[in-house]
Amino acid sequence: MKKSPVIMVGLAALTYIICIWQRISPPVVALDVLTELGLEPDQMSLIFALTFFGYGLAQPVAGYCVDRFGPRRCLLFSALVMGLGSICFSYSESFLTACLSRTIMGTASGLALLPGLRLCMNWLPPERFNVAISFIFSASALGNFLVGRPLAQVTGAFGWRFPYFWVGVLTLGLMVVLWFVVADKPEGADDGDQSQTPSISFIETARVILSDRRFWMIGGMYIGTDILYLTFTSLWSGPYLIEVHGLSTVSVGNILSVAAISFLIGPPLIALWADRWGSYLKVLLFMTVFNLLTVSFIMWGPADLSLWQLYVLCFLAPLGGQAAGLIMTLSRDTFPHSVSTSGMGFLNFMPIMGGASFQQLIGYIMTRTEMSMPEAAAQSRYAVAYFPAWLWTILAIILCLMLLRMYARPKESNGCGHAAADD
C-alpha cells in the first residue's frame, strides 16, 4: 500500500506534541512531586531543569543521528525512550530516580523534532517544506494546552503519577504505529547525492557546520527571533502582568492562554506569508524589528494598559518564536543535504541555550535591581533587566541584514534555493 506524506507528517507532529507535553508539564505537578518525594526546592528545580538541558544538549547529536541513521529509526528511538522514561518517572520514589528518569525523558524528547523535519524533506517537494514543518511547530500549541487545565484536573483527581504513566503507555503505543507506518523516504526514491548516511564523523560534521560563518550569523539571529518567547512568554510575562499592571493570578492565567492560540495559527500563516513574499529572510527581518519594538514597549510602554490591550500584547509577544520553521528552511538551504539535519540540530541548540541564559540573566538583574533600587517602580526594574535582551534584538536585526546581503550574491548562495532569491 502506498504511504501518504500527510500521515508521515501527522505522526511526526504527534510525536512532537508528546515531546512538548513531557518538557513543559513540570509547573503543574512540581509542588505535588516536591511534597510526595520530600524534596527541597533546589532539588525539585534540578529534577526538572535536567529535562530542559537534556533536550538542548541532544539537539546537535540528534541532527547527526537523523542524517546518519535516518528519521524512522530516530523517531522510533525517541518514542521508545520517552515512553519508558515517563513510566519510570511515574514510579519514582527518590530524588535520584526522579533525576535519572527526567534526564532520560529530556534527552529522548530532544530527538523528537528533527526526524519529522527530515521526513518533510524526504517526502515533500522543496517548495512545500516550509509550510509542512510549520504545522509540526504549530502542533506545540496542543502540547501547551494539554499541560494546562487538562493536566491539572487529572492530577487533582488521580495524582501526578497517573498522567505520566498513561502518557508513557500512549507513547509506547505510538512507537508501534511508527514501526509499521513510517518510512525514511518514498519507495523507489533515488538517493542520488542525497544519501542519509554521511561519510564523515560527528566531529567532522560539527567542524563543517561550525566553521561556516553563516551558521553563527543565523544562530545569533535565531536567538533574537526567539528571545521574547523564551524569556517573556515562557517565564516573565506572569510576574510582569502582576507587578507592572496589577493583575490577579486568575487574570494572568486567562491572558496567557492566548499564547497557545497564537502558536496554533501563527506558524502556518508565517510560512504562507514567506512563500508569498518569496523571501524567508525578509520575513525574519520583520520579526526581528517587531521583537525590538515589543521589547521596547515592555521596557518603556505605559503601565496603565487596558485588559484587551494586554491580551493583544501576550498574543503578539511570541510571534518571533513562531518563525522557527523559516530558520530551519534557511538551514536546509545553507548546508549540504547530507548534513542538513545536523545543521538544524546545531542551530536549534542556539535559542534553547540562549533562552536559558537570558532567563537566568534577567532574573539576576531583577534581584540586584530590587536590592539596589527598592523604591523603583516595577516597570523601571523590568526596563533595566530587559536591556541585554533589547541589545540582542538590535544585533539580530544587523545579522539579518547581513544575511540578506550575503544570500543576494549568487556565489554565496551555494544553491540555496529559496534563500538565494532574497535579493
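## Rings, core and overall build

Biologist: Is Y382 buried or exposed?
Modeller: The model here is a predicted one. Buried means under 20% relative accessible area. Y382 has a relative accessibility of 1%, so it counts as buried.

Biologist: How many helices does the chain have?
Modeller: The chain has 0 strands. Its helices number 20.

Biologist: What is the radius of gyration, and how does it sit against the globule rule?
Modeller: For 423 residues, the globule rule gives 22 Å. The chain comes close to that, so it is as compact as a globular protein of that length. Its C-alpha atoms fill a box of roughly 65 × 50 × 35 Å along the principal axes. The radius of gyration is 21 Å.

Biologist: What share of the chain's residues is buried?
Modeller: The accessible surface of the chain is about 18,200 Å². Carbon and sulfur atoms hold 68% of that surface. Of the 423 residues, the share that counts as buried is 56%.

Biologist: Among contacts with a separation of 6 or more, what share joins residues 24 or more positions apart?
Modeller: Contact here means heavy atoms within 4.5 Å. Among contacts with a separation of 6 or more, residues 24 or more positions apart account for 84%.

Biologist: Which residues does I136 touch, beyond four places away in sequence?
Modeller: I136 is one of the core residues that touch the most other members. Leaving out residues up to four places away in sequence, I136 touches V9, A12, A13, Y16, L113, G116, L117 and C120.

Biologist: How many aromatic pairs are there, and what kind is the Y64 and F202 pair?
Modeller: Searching the whole structure gives 22 aromatic pairs. The rings of Y64 and F202 lie 5.5 Å apart, centre to centre, with 85° between their planes. Over 60 degrees counts as edge-to-face. The Y64 and F202 pair is therefore edge-to-face.

Biologist: How many residues apart in sequence are the parts that Y64 and F202 tie together?
Modeller: Y64 lies in helix α3 (residues 41–69), and F202 lies in helix α11 (residues 202–210). Y64 counts as buried at 12% relative accessibility, whereas F202 is partly exposed at 27%. The pair thus ties together parts whose separation in sequence, in residues, is 138.

Biologist: Which helices hold Y240 and Y382?
Modeller: The ring centres of Y240 and Y382 are 5.5 Å apart and the planes are at 85°, so this pair is edge-to-face. Y240 is buried, with 0% relative accessibility. The pair ties together parts 142 residues apart in sequence, because Y240 lies in helix α12 (residues 213–243) and Y382 in helix α18 (residues 378–385).

Biologist: Which ring does the charged end of R102 sit over?
Modeller: R72 lies over the face of W179, 5.0 Å from the ring centre. The charged end of R102 is 5.2 Å from the centre of its ring, that of F89.

Biologist: Which residues contact T288, leaving aside neighbours within four places in sequence?
Modeller: T288 is in helix α14 (residues 280–300). T288 is buried, at 0% relative accessible area. Its contacts, those neighbours aside, are M221, T225, T393, A396 and I397.

How values were computed: Residues are numbered from 1 along each chain as its sequence is written. This is a predicted model: local features need pLDDT of at least 70, side-chain atom pairs count only at pLDDT 80 or more; totals for chains, interfaces and linings use all residues. Side-chain values use heavy atoms; hydrogens and water are left out. Rings of Phe, Tyr and Trp (its six-membered ring) pair if their centres lie within 6.5 Å; planes under 30 degrees apart count as stacked, over 60 as edge-to-face and the rest as tilted. Helices (H or I, at least four residues) and strands (E, at least two) are DSSP runs, numbered from the N terminus. Buried means under 20% relative accessible area, exposed over 50%, partly exposed in between (1.4 Å probe, protein chains only). A charge sits over a ring if NZ of Lys or CZ of Arg is within 6 Å of the ring centre and within 35 degrees of the ring normal. A nonpolar core is a set of buried Ala, Val, Leu, Ile, Met, Phe, Trp, Tyr and Cys residues joined through side-chain atoms within 4.5 Å. The radius of gyration is taken over C-alpha atoms; the globule rule is 2.2 Å times the number of residues to the power 0.38. Accessible areas come from the Shrake-Rupley method with a 1.4 Å probe; for residues, only the protein chains shown count as cover.
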